[in-house]
Amino acid sequence: YAYCHLTSTDTEDSYSLLNIWQISEPAHADVLDVVIPTEDMSNVAYLICLDMSRPNTVESDFKKWTECVIKTQNKLLARCSAEQQDTLKVKIYKHLQFYVNPKDDTDQLPDEAKDELEVQRKHPEINLGAPVIVVANKCDTFRTQFQAEADAEDHFEIMCSYIRWWCMQYGAASFSMSKGMKDQARRILSYIDHRIFDSKFDRGPNAVVKLSNPAEKFLFIPSGFDSKDTIKAQNPNRNLEETAFSDFFKVREKKKKINATKPGMKSQFNNNFLKTVIFELQSGPRPQVVSRTGDGAEGGKKAIKQFFGRISGQ
């Protein structure tokens, strides 16, 4: 995993308050309940990156990481009171219930009016008490998996539809990302800021995707915008509920056999390192975070630039 504390000379910059924990294996999430204070639970969000260069693994990767998020968040919530847990979940329910497309003419209800209305607790089906954001990453490599461009475009639309469908269960946002898409990286960053710090967000959703025109036809679905009816309307000849993902994205048998013969990854070193980190964090005093200027500020800007650079493949 990786950890970045972002600092800025601008005290009003919310990114100076944002800590990023990046993990590549679910087991590494065990450390998070030690480093995330209970009082910060209202400012926690999860971002899942899916690898579009391996289309046939996207469903299994989505399941693996959502299970990891559920396990981690439940462990974090277990430290909170029942009242605090309910407050966090109500915030998610309300976000979906009162979402308004910024590009529509509909006015957002004032907070006082929202408080008077009954909270709809049916959506999302699984409420984790924290925003979940799913990024379909490396979309520029998706085309190489298909011989014909038309076939690639068709399968990319199917892929994005499945991701949106799965995200509905968690009330998750879903976005696409390709190498060099700096504007999209800024949109995602702006949305993360919006969900964690309640900053204003006025970017409209985009549900029409096209590999050949990623600058304009990208996936950008904020939580609360999507619905199963919307996804069905965009897929009139497909039944995402009954058609298995593997019917469209089959595992290549030859590659499957090769992978079966490979030795398993040894993770003993990583596990020992993780246990050492947990021990040090639990036994030692909690380090005080000191705001820095000068080189420290530049280091924070560099850290966030590198983090989103890794997402964009730069």
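Visitor: What is the volume of the largest cavity?

Guide: In this predicted model, the structure holds one cavity of 30 Å³ or more. Its lining consists of Cys139, Phe156, Ser176, Met177, Ser178, Met181, Lys210, Leu211, Pro214, Lys217 and Phe218. The volume of the largest cavity is about 60 Å³.

Visitor: Which class of residue, nonpolar, polar or charged, has seven members in the lining of the largest cavity?

Guide: The lining of the largest cavity includes Lys210 and Lys217, and its charged residues number two. Two further residues of this lining are polar. The class with seven members is nonpolar.

Visitor: Is strand 4 largely enclosed or exposed?

Guide: Strand 4 spans residues 132–137. On one side Val132, Val134 and Ala136 are buried, and on the other Ile133, Val135 and Asn137 are buried, which leaves both faces covered. Since six of the six residues of strand 4 are buried, the rest of the structure leaves this strand largely enclosed.

Visitor: Which residue is the bridge partner of aspartate 51 in strand 4?

Guide: Strand 3, residues 46–51, runs parallel to strand 4, and six bridges join the two. Within this pairing, the partner of aspartate 51 in strand 4 is asparagine 137.

Visitor: How are the rings of phenylalanine 218 and phenylalanine 220 arranged, stacked or edge-to-face?

Guide: The structure has 15 aromatic pairs. In the pair of phenylalanine 218 and phenylalanine 220, the ring centres are 6.4 Å apart, and both residues are buried. Because the ring planes stand at 85° and the cut-off for this class is over 60 degrees, the arrangement is edge-to-face.

Visitor: Which helix gives the most residues to the lining of the second largest pocket?

Guide: The second largest pocket holds about 820 Å³ of space. Of its 32 lining residues, His95, Gln108, Lys114, His194 and Asp198 are the closest to its centre. Helix 3 (82–97), helix 4 (111–116) and helix 6 (182–197) each supply at least two residues of this lining. With five residues, the helix that gives the most is helix 3.

Visitor: Is aspartate 198 buried or exposed?

Guide: Aspartate 198 is placed in the loop between helix 6 and strand 6 (220–221). Phi of this aspartate is near 60°, a positive value in a residue other than glycine. Because its relative accessibility is 55%, aspartate 198 counts as exposed.

Visitor: Does lysine 138 count as buried or partly exposed, and what is its relative accessibility?

Guide: Lysine 138 lies in the loop between strand 4 and helix 5. Phi of lysine 138 is near 60°, a positive value in a residue other than glycine. Lysine 138 counts as partly exposed, at a relative accessibility of 39%.

Visitor: Which residue does a cis peptide bond join to histidine 123?

Guide: The bond in question has an omega of about 5°.

Terms used:
Residues numbered from 1 in each chain as written. Predicted model: local features only at pLDDT ≥ 70, side-chain atom pairs only at ≥ 80, totals over all residues. Heavy atoms only, no water. Buried < 20%, exposed > 50% of the residue type's maximum accessible area, 1.4 Å probe, protein only. Helix = DSSP H or I, 4+ residues; strand = E, 2+ residues; numbered from the N terminus. Pairing = 2+ DSSP bridges. Phe/Tyr/Trp six-rings, centres within 6.5 Å; stacked < 30°, edge-to-face > 60°. 1 Å grid on protein atoms, 1.4 Å probe; cavity = no way out; pocket = protein on both sides within 12 Å on 5 of 7 lines; lining within 4 Å. Points joined across faces, edges and corners; volume = space filled by probe spheres on them. Nonpolar A, V, L, I, M, F, W, Y, C, P; charged D, E, K, R; others polar.
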